[in-house]
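Colleague: Could you take me through one chain of this model, and in particular the side of it that touches its partner? I'm new to this, so please keep it plain.

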Amino acid sequence: MQQRVITIVLLIGLFFGLLSLGSGMMSWRLPDREQGYAPVQPIDYSHRLHAGELGIDCRFCHWAAYRGRYAGIPSTDICMKCHDVVTMTWGQFQAFQEAAEKEKEAAQADGQPDSKAPDSKAPDSTTTSKAPARTKGTGKKRATEGNAAVAEQESGKTAKSGAAAAKATKPVSATEIDPQENKLLPLYESLGLDADAKPVAGKQAHPIPWVRVHNLPDFVYFDHSVHMAVGISCQQCHGPVESMERVRQFESLSMGWCITCHRDSTKNGVNGRVVNAPTNCTACHY
Amino acid sequence: MTNKPMRTSRSRPVDRHVVPADAASAGDASHTDGIPHRELPLASQRNAAQVSRRRFLEAAGFTFSLAALSGCRRADEEFALPFVEQPAGRVPGAMTEYASTCAGCPAACGLLIGVRDGRPLKMEGMPEHPLSRGGLCAVGQALPLSLYDRLRLTVPQQAQKDATWSDVDKAIMQQLDDVAKKGGAVRFVTGTTSSPTLNASIAQFLDRFEDARHITFDAISCTAILDAHKATHGKRLLPHFHFDLAEVIVSFGADFLGTWISPVEYTAAWSKNRVPTADDAHMSYHVQFEGRMSLTGSKADHRYRLASDQYAVVLSYLVKRLATRAGQTVPEGTVGTPPVAPAVLSGIVDRLWQTRGKSLVLCDSQDVEVQKLVNAINHYLGNYGKTVDINRPSLQRQGNDADVLQLIEELEDGKVGALLVAGTDLIHNLPNGASVAETIGSVPLVISFADRLDDLAAHAHFVCPDVHPLLAWLDAEPIRGLVTLLQPTMRPLGKTRPILESLARWNGQDFSALQIVQKTWEKQFYPQVKKGSFRDFWERAVHDGFVELPLEQSRTAEFQADRVKLLGDRPASKGLSLALYSKVGLSESCHAHNAWLQELPDPITKVTWDNYVAVSAAVAEDLQIVDGDLVTLATDAGNCSVDLPALVQRGQHDRVVAVALAYGVKGTDRFANIGPEWLEGRPTTVKGTPIGKNVAPFIATQNGTFRYARDGVTLTKKGGRQDLAVTQTYDSLTVPKSVAPRGAEVRDLVQKTTLPAFAKDPSAGAPHHHHDSADQLWPDDHPKPRASWGMTIDLNKCSGCSACLIACQSENNVPVVGRDEVRRRREMHWIRIDRYYSGEGDAVRVDHQPMMCQHCDNAPCETVCPVLATVHSDEGLNEQAYNRCVGTRYCANNCPYKVRRFNWFKYQHDDEVQNLALNPDVTVRMRGVMEKCSMCIQRIEQAKIGARRRGEPLADGDAQTACQQSCPAHAITFGNLNDSASQVHDTAQNPRYYRVLEEFNFRPSVGYLRVVDNSDAEEAENGNHV
């Protein structure tokens, strides 16, 4: 009798154990369990908007990817290269643009000359050249201070637009934007600026606490630059980031996934190039 | 237990295993027999209808493991914090090198500081540096660990309490003004500092006081050499020795490969002449006379045992013979009878005379009269201006013992108004430190610049911590006319302040260290170059790390022969002669806080974590002692005595006992718990007791110099033991006769030959036994289509200095395990330098052989790993995957070279500051996994990636291992054996090339170049298979 009781107790324990194991397994930390992980970020930064609609090259912000091991999370000053002059929300901008179009049409109807900025070398300048901007002393300085890496960027388009934007006449203060809407506030916060992008005495700059999405296991060493050097696209591992509102882990990033690609690449080459993608343990583990 | 059959099947009914209560009480033998009694009562007193213990444990274990597993969840959100403003040009995770100068000792070798993500991590030698030529010693390699040390002072101290700089500055300036007004004596004591800027700053600071002096005190000084040159050449200077030009080197005790003046520079130069080739069988001839067994003695072609009080007689004899040969008047004095065979000395005289102008005679004696004899010999040989350069003298040792002795007198007389001490610990390093400490107590103002509370700082009114040398702007001038820069690689830690800034502040100026250094350079050095603007000159200097100034017009100093006196009548003492020396690695007491250096095995004795009394076999027999027996060393005068473990040293002079200085340093009891904590663990040292004992009180003061060699000591057995933590306990390659197979009485691990034999046959010294490589255990299935990484170590160049060991430790996150674990043979160094003795007496030969994973093609470790954690790469590397390893240790058992290291514990401590010294490119191994040399695979991978990024093929030299990079002797070659243009391919074709245990056909990727002794013998002493 007693034995049966104990057996039953143990079985119940087993049941609950299995139950909790099952639920635990759902969020268990194995590389291939991380697929689809899309944590909420401190700023609702939209890759879809920046990389997709605006067509900014990945490497404009993640410039370290082709120079070293880490792609790097962009520093706040990289955001400010554009947002120094681009201060309104996308919705507002579109509304502004529509209004501008109408104004233009009206002006053309009146026979007045085109007020469009002459500096429109950048192919996508139509989207940004007329953006209203604060004309600020520091804005230009910071743009020229941008490090050599950024100067090399093929997509320095948006930075160039600063000059064009400066010609726009109607500056819009960030305070005019509804604080609920203004996603740039955390950016200013990080730089120690107030909502009007003015320095606040005693306020310290601090990094934006982005949540890491792609987190490789501790024992693996991955180098972005060599993958870029042989012509692997960002999307091949990170998925269609340009269509993601919030970044999520697209691939499993498990060892099996890596090795499959390495084997295929050695066999078939990458973009028609012959590569020797190593499959030695110490290619990644050391 | 024995006669009861064990249960094997789980299908047995449960109650079969329960002992019925009645049966137990009846003492039924069939049930109770063999069951331990303490298990019985519990089971028997309960009801029979119970689950067996085993079954319960099975179920419970399963349930618990499930519960534990269900605890696994996604790790907490991890943040990726970017910069607010990215510093220009810094690539995250990339190593940037900054040229600087090593400040580990005054030798000032060229340094490349590897900085990653804003933190200095790895010290490397600067290949372009004219002195160190890419080498860097263990001390230099260990700098990062002393930087990331949370016990360093971070704030200034006033009256032993933390203070602020403004308070300290105010108080100090006030007191200095008082001293200046009263006209009190100000004494500024530093170790040797060749820094033109610091010396100028000190001079400027002292300028406002009437009676002020800058005194240079070296813990191990070379004052006698300087003073002797003052006598014989009219100028107090230390010559710059050119070992690369010397074909015959005769050294009397000078350990120039180990610790003497500038060992890295000397090793680099010395090793240049140790490479006989088949076309040019020629190498330098090196004779060493010494009492203790030094690293240099261990590499000499001939080594003669001579106590330091006998140097005078032998040198007098040489002076007389060489003066006669040179046709000059023999100096006055008695020649005496040297205690070395006349034939030997005649041979040396002949060799020296034949290589006039290309020879070098050195001595480490602190007796000025003896050093004068050395000067005379070098003069007769015409070495001045050639191998002995006094036009561009060395500034690497400037200590002036007479000044220090005068300071001690002044302190005793209470004449000093203010004492400032930087870069040296007077109290710890002076023979009468205790009494000096008392006299210092009465000095009105004592300021220390120490970066931690050393003995002197504890007596100082103010401690103004200087920044770590890796974080400072400073300069150095190791050789007159060669100025080098130190540049900061990180902001100062805590609130430390460069000494230059402190001095300027107290002089009422508010300059930064950079401004002060720049000012000196603009005024002093830029006018000598006069090329481009100062800004160009400065930027060039910062980039290169050094500037060679044009040579000033040389002024020949006339040799004054009348100052030399023969000393053949010196009575040789009959008693023991004590030799105090500094160990390779722990060269000065300031490095005692560095755990890497504490655990660095001494290159000769292989002892870690201790100093000890090294005695000869004769003394050991006399006192009936063995290694580790405690002995008492005392002076005859009875003023000091110390208890230390003994160590029997082969090749040591019968009368000589040797003890290392720089131990017993205050605060080193911090290492008490450095090892793993476990049941049987013993602390590295007892809390409150420093590592080792300070033997500075034994330093004798005689004729105005500190003598590190003295007589008048007694050694007695104390009783009791202190086991030494030794990493090597087998000393010989000779197999005991009873078990030696015929023809293999001497193992051929270290192969050697002599120069005449090598000249006849470059492959001389190769073992005679041949093995059939077709007779294979392993299939030849290791294709290496791309690279085949290989390494060659030239044993003739390798001096055993152990710089590679610390380089490897720093690069590969090798943990420190503590004294007890070393004692259990669990040290973790990936490289060990095997040291083998052969011969007896004067004929004791020492061989050093760096031994690390040999990366065998047919690796015995790989065949036994049950989980494939160690496998072979297609580039010839034996790989170890830590996260696959389950710790069976089969591989270590099967490794014929015994180079695998097992993590018995989690050795890394949770010291957040110390952990900053870890290399982020290498996994920190966890408990329970095997590790070993990876041939710096992270560097190979980085080199490959770099080449790929540049779109170029990998060039020879792109990938360098850490050990190879900083080897002062350039003994290590590493590269791609498949590349016929590579240097390592070249060395593998060398007739001296061999591989250890080749006969077993492991086909290691690491090879060695045979030792060649420059002796007249046709066969190597105790050679192989002759």
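Modeller: Chain A has an accessible surface of about 15,800 Å², and 59% of that belongs to carbon and sulfur atoms. Keep in mind that this is a predicted model. Chain A has 286 residues, of which 37% count as buried. Its make-up is 13 helices and one strand. If you walk along the sequence, the pattern reads α-α-α-α-α-α-α-α-α-α-β-α-α-α. Now look at contacts in chain A between residues at least 6 apart in sequence: 72% of them join residues at least 24 apart.

The size of an interface is often given as the accessible area lost when the parts come together. For chain A and chain B, the buried area is about 5,200 Å², with 61% of it on carbon and sulfur atoms. Three residues, A:Phe219, A:Thr282 and A:Tyr286, supply 12% of the area that chain A buries against chain B, which is more than any other three residues. Counted by residues, 58 from chain A are in contact with 52 from chain B.

What about polar links? Between the two chains there are 20 residue pairs in polar contact, taking pairs with both residues at pLDDT 80 or more. The elements of chain A that give two or more residues to this side are α1, α4 (76–83), α10 (185–191), β1 (210–211) and α11 (224–229). Of these, α1(A) gives the most, with 11 residues. As for salt bridges between chain A and chain B, the count is two. A:Arg69 forms a salt bridge with B:Asp921, and the closest N and O atoms there are 2.6 Å apart.

Is A:Ser75 buried or exposed? Its relative accessible area is 1%, so A:Ser75 is buried. Leave aside its neighbours within four places in sequence, and A:Ser75 is in contact with a run from the other chain: B:Pro82, B:Phe83, B:Val84, B:Glu85 and B:Gln86.

Back to helix α1 of chain A, which covers residues 2–26 and includes A:Ile8. With 45% relative accessibility, A:Ile8 counts as partly exposed. Together with A:Ile12, A:Phe15, A:Phe16 and A:Leu19, A:Ile8 forms a nonpolar patch on the surface, and the five have about 520 Å² of accessible area together.

For contrast, hop over to chain B and find helix α9 (residues 223–233). There, 10 of the 11 residues are buried, so the helix is largely enclosed by the rest of the structure. Among the buried ones are B:Ile225, B:Leu226 and B:His229. The buried residues of α9(B) pack against several elements of chain B, including β9 (238–241), α14 (368–380) and β30 (705–707).

B:Ala108 counts as buried, at 4% relative accessibility. Another is B:Ile261, where phi is about 60 degrees. You'll find B:Ile261 in the loop between β10 (248–252) and α10 (263–272) of chain B, and B:Ile261 is buried too, with a relative accessible area of 1%.

Terms used. Residues are numbered from 1 along each chain as its sequence is written. Chains are lettered from A and ligands numbered from 1 in the order in which they are written. This is a predicted model: local features need pLDDT of at least 70, side-chain atom pairs count only at pLDDT 80 or more; totals for chains, interfaces and linings use all residues. Side-chain values use heavy atoms; hydrogens and water are left out. Patches are made of residues with over 30% relative accessible area and no salt bridge: like charges are joined within 9 Å, nonpolar side chains (Val, Leu, Ile, Met, Phe, Trp, Tyr) within 5 Å. Accessible areas come from the Shrake-Rupley method with a 1.4 Å probe; for residues, only the protein chains shown count as cover. A salt bridge is a side-chain nitrogen of Lys or Arg within 4 Å of a carboxyl oxygen of Asp or Glu. Helices (H or I, at least four residues) and strands (E, at least two) are DSSP runs, numbered from the N terminus. Buried means under 20% relative accessible area, exposed over 50%, partly exposed in between (1.4 Å probe, protein chains only). Contact means heavy atoms within 4.5 Å. Buried area is the accessible area (1.4 Å probe) that two parts lose on being put together, summed over both. A polar contact is a pair of N or O atoms within 3.5 Å; within protein, one must be able to donate a hydrogen and the other to accept it, and residues adjacent in sequence count only if both atoms are side-chain atoms.
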